[in-house]
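Subject: Handover of a structure and notes on its contents

Dear colleague,

Please find the structure below, together with its sequence. I would be grateful if you kept it open while reading the notes.

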Amino acid sequence: MHIRIGTRSSRLAVWQAEYIQTLLKQGDVTSELVFIETKGDLVLDRSLAKIGSKGIFTQELEDQLREGTIDIAVHSAKDLPSNLPSDLSIIAFTEREQANDVLVSRNKTLSLRSGEAFRIGTSSTRRVAMLKHFCPHLATVDMRGNLQTRIRKLDEGQCDALLLAYAGVHRMGYDDLIVEHLPIDDFVPAVGQGSVAIEVATSALAKDVSDTLTRLINHESTAACLRAERAFLARLEGGCSIPSFALAQWTDEQTIRLTGGLVSLDGSQLLRETFSGAASESPALGHALAEAILERGGDELLQTIRKQL
């Protein structure tokens with residue numbers, strides 16, 4: 001079996017694709033990488049929210065899946081739209097890396113808890129909104145580009161620190177730049193953060209091939225958590241431009257605890273709930289938590305957010 005793997009060309013995306021190659025090799029499956037540029041890679045002069053389209057890091061890979069030039073597409077799970085077209089599906093999620101955000105800087109004295117004012121670079125509406133809620137004394141600077149580009153901008157003095165996912169920083173070997181790990185109890189991460197997702201065109205991949213790839217790549221404990229998180233996001237009809245958050249964690253062998261919510265763009269309002277339920281019914285858990293958020297005022301908050309973006 002030989003698999004053509006579609007991937008973005010950034011160093012982190014290539015790391016993810018090569019990690020998938022390693023998992024496939026363990027099952028004697030050969031593979032090759034096919035590099036594809038996405039709108040999110042090419043349009044760097046606007047914030048993610050201003051680009052204004054879903055799937056800005058996935059659409060071009062999905063097009064190639066449909067055309068049959070690649071067999072699977074590798075994505076950061078957090079980049080996936082909450083609802084996929086009927087002809088596409090996710091067949092695997094890799095084991096999740098530590099899911100929290102981290103503060104990255106050359107200045108080892110910086111901390112969100114110090115009360116000191118400084119500038120933080122980020123392109124995430126969730127991170128900006130949470131910083132405004134928990135740390136209103138801090139200024140944010142819109143910071144687009146891959147990890148290496150952002151670190152270069154940091155070194156050029158465009159900001160004093162970056163707020164990033166630990167997974168990407170760790171995978172790229174920049175642990176020495178981490179000055180603070182943000183607690184997930186407050187700074188709940190984005191849906192899917194820390195995992196890699198495998199997407200296929202449903203009709204293009206034979207079932208035995210799909211089953212083999214799932215067996216080699218999918219980490220079921222992670223997948224159960226992400227099914228809950230993605231069901232939550234799907235009910236909110238959210239994407240990367242909406243400041244939503246959710247994290248599912250195992251509490252015992254059969255139970256998942258899901259924390260999720262929304263925060264207003266100015267940080268003044270934060271809605272958050274935590275539900276627990278059977279892992280076997282994790283999508284229902286995500287849907288129920290979303291309904292609770294919407295009933296608490298999330299529906300109106302979402303309408304306000306979308307008008308402001």
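Predicted model: local features only at pLDDT ≥ 70, side-chain atom pairs only at ≥ 80, totals over all residues.

Residues are numbered from 1 along each chain as its sequence is written, and side-chain values use heavy atoms, with hydrogens and water left out.

Aromatic pairs

A pair of aromatic rings is described by the distance of the centres and the angle of the planes. Rings of Phe, Tyr and Trp (its six-membered ring) pair if their centres lie within 6.5 Å; planes under 30 degrees apart count as stacked, over 60 as edge-to-face and the rest as tilted. A search of the whole structure gives 2 aromatic pairs. W15 and Y19 are stacked, because their ring centres are 5.4 Å apart and their planes lie at 20°. Both residues belong to helix α1 (residues 11–25), and being 4 residues apart there, they are separated by about one helical turn. Helices (H or I, at least four residues) and strands (E, at least two) are DSSP runs, numbered from the N terminus.

W15 is partly exposed at 30% relative accessible area, and Y19 is also partly exposed, at 27%. Here buried means under 20% relative accessible area, exposed over 50%, and partly exposed in between (1.4 Å probe, protein chains only).

F134 and F187 form a tilted pair, with 5.0 Å from centre to centre and 45° between the planes. This pair links distant parts of the chain, 53 residues apart: F134 is in helix α5 (residues 125–134), and F187 is in the loop between β9 (178–181) and β10 (196–201). F134 is partly exposed at 32%, whereas F187 is buried at 6%.

Helix α5

Helix α5 is mostly covered, with 7 of its 10 residues buried. Among them are R126, V128 and L131. At the start of α5, a side-chain oxygen of S124 comes to within 3.2 Å of the backbone nitrogen of R126.

Residue N100

N100 lies in the loop between β4 (88–93) and β5 (101–104) and is buried, at 6% relative accessibility. Its side chain makes polar contacts with the side chains of Q98 (2.8 Å) and H181 (3.4 Å). A polar contact is a pair of N or O atoms within 3.5 Å; within protein, one must be able to donate a hydrogen and the other to accept it, and residues adjacent in sequence count only if both atoms are side-chain atoms.

Yours sincerely
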